[in-house]
Amino acid sequence: MAQLRLCGLEKRFANGATVVQGVDLQVDDGEFMVLVGPSGCGKSTTLRMVAGLEAPSGGQIFIGGREVTQQPPAERGVAMVFQSYALYPHMTVAENMGFGLRMAGQPRAVVEQAVHQAARTLQLHTLLQRKPRELSGGQRQRVAIGRAIVRQPGVFLFDEPLSNLDAALRTQMRLELSRLHERLRATIVYVTHDQVEAMTLGQRIAVFNQGRIEQVGTPLQLYDRPVNRFVAGFLGSPRMNFLPARALPGDMGWSLDLGAAGRLPWLPAAGLDAGAIAEIGVRPEHLALQPHAAPGGLAAEVELVEHLGDVVLVHCRLPGVDGSVTLKCAPEQGAALLRDEAVRIAPRQLLLFDAQGRCLHA
């Protein structure tokens with residue numbers, strides 16, 4: 001396997017649109033890196049430039065310490081798995097998996113050995129003589145992955161490979177991809193718009209937004225310590241709640257004022273400018289319900305209760321705040337709620353953001 005390094009990578013189209021802007025990223029040897037972000041953020045274009053399918057407008061690409069920016073795809077030592085399976089319908093599974101090696105002029109014995117080894121790894125060894133039409137969606141995707149494995153590339157590139165599968169198959173394939181990475185110790189760059197895939201698969205995640213990388217880190221680092229409002233809001237399901245707030249001093253200490261919704265006690269951190277706070281962020285699991293008569297918390301009106309079995313999602317409206325606030329609670333708490341019942345919600349953990357959307361960490 002090999003290390004991948006991107007230095008100042010850019011992509012501009014003829015119409016003047018810049019879709020990738022100065023991307024710097026290092027993927028270590030054997031690492032599973034996920035590129036995640038909304039549609040049109042530049043993540044797939046970045047992957048295609050690494051594969052050699054798009055020519056960069058600027059910057060450099062290094063694979064295994066060797067610059068490959070201007071080299072053709074076949075000489076880069078990468079293999080790409082696309083969203084569509086792109087299997088030849090008239091070929092068997094074995095023929096599809098070995099096609100690349102045959103085109104490279106490898107001896108038949110070498111091709112067969114590589115195909116059988118990859119088939120055992122992917123549990124396809126009993127399906128080698130079937131045609132793609134005889135396979136399920138998950139099996140076809142494994143064949144596409146096997147076609148990449150037999151080439152023994154330095155870097156595997158995955159471009160939203162699970163998007164065409166149903167929810168149950170996506171969950172199964174995420175598990176299989178994690179196991180595959182453990183067995184192969186492969187360097188993998190995986191593109192997705194699904195933050196659940198990103199959090200469950202990636203050893204590290206690069207969050208893209210408008211052609212730039214906002215933050216790179218482990219899933220927990222990004223979840224607990226986002227650098228800005230975009231990262232905080234993109235990761236997490238349901239998404240983080242954002243509420244406008246002002247930090248105010250008072251006789252009993254500082255508080256975060258949310259207008260008609262109420263105030264929350266707050267202890268300013270050293271070196272943090274209280275006047276810079278423009279918004280608070282709180283994740284649904286960090287909100288707790290409490291009786292309406294209990295002191296503290298924020299007044300809220302229950303709009304909708306969604307029972308999901310293991311958890312309940314409660315959607316509330318706060319006076320003077322646009323939009324709804326979502327919290328997660330235990331099923332027994334949700335069962336006691338009635339629509340339009342007045343409650344109070346108490347945050348257990350907050351993030352603070354300034355007017356530019358930067359997260360103000362203590």
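Me: How many of the nine residues of helix 1 (residues 43–51) are buried?
Reply: First, some terms: helices (H or I, at least four residues) and strands (E, at least two) are DSSP runs, numbered from the N terminus. Buried means under 20% relative accessible area, exposed means over 50%, and partly exposed lies in between, using a 1.4 Å probe and protein chains only. K43, T45 and T46 are among the buried ones. Helix 1 is mostly covered, and the number of buried residues is seven.

Me: What kind of model is this, and how many helices and strands does the chain have?
Reply: It's a predicted model, where local features need pLDDT of at least 70, side-chain atom pairs count only at pLDDT 80 or more, and totals for chains, interfaces and linings use all residues. Residues are numbered from 1 along each chain as its sequence is written, and side-chain values use heavy atoms, with hydrogens and water left out.

Me: How much of the chain is buried?
Reply: Picture the C-alpha atoms filling a box of roughly 85 × 45 × 35 Å along the principal axes. The chain has 362 residues, and the buried share of them is 49%.

Me: Which residues does D354 contact, leaving aside its neighbours within four places in sequence?
Reply: Contact here means heavy atoms within 4.5 Å. With those sequence neighbours set aside, D354 touches A276, A278 and L360.

Me: How far apart in space are P291 and R358, C-alpha to C-alpha?
Reply: P291 is in the loop between strand 16 (287–290) and strand 17 (298–307). P291 counts as exposed because its relative accessible area is 58%. Along the sequence P291 and R358 are 67 residues apart, and in space the distance is 34 Å.

Me: How many disulfides are there, and how far is C316 from the nearest cysteine sulfur?
Reply: A disulfide is a pair of cysteine sulfur atoms within 2.5 Å, and searching the whole structure turns up zero. C316 is in no disulfide, and the nearest cysteine sulfur, that of C329, lies at 9.0 Å.

Me: Where is the cis peptide bond that involves P238?
Reply: P238 is in the loop between helix 8 (229–234) and strand 11 (241–244). In general, most peptide bonds are trans. With omega near -5 degrees, the cis bond goes from S237 to P238.

Me: What is phi of Q123, and is Q123 buried or exposed?
Reply: Q123 is in the loop between helix 3 (108–121) and helix 4 (137–149). Phi of Q123 is positive, near 60 degrees, in a residue other than glycine. Since its relative accessibility is 57%, Q123 counts as exposed.
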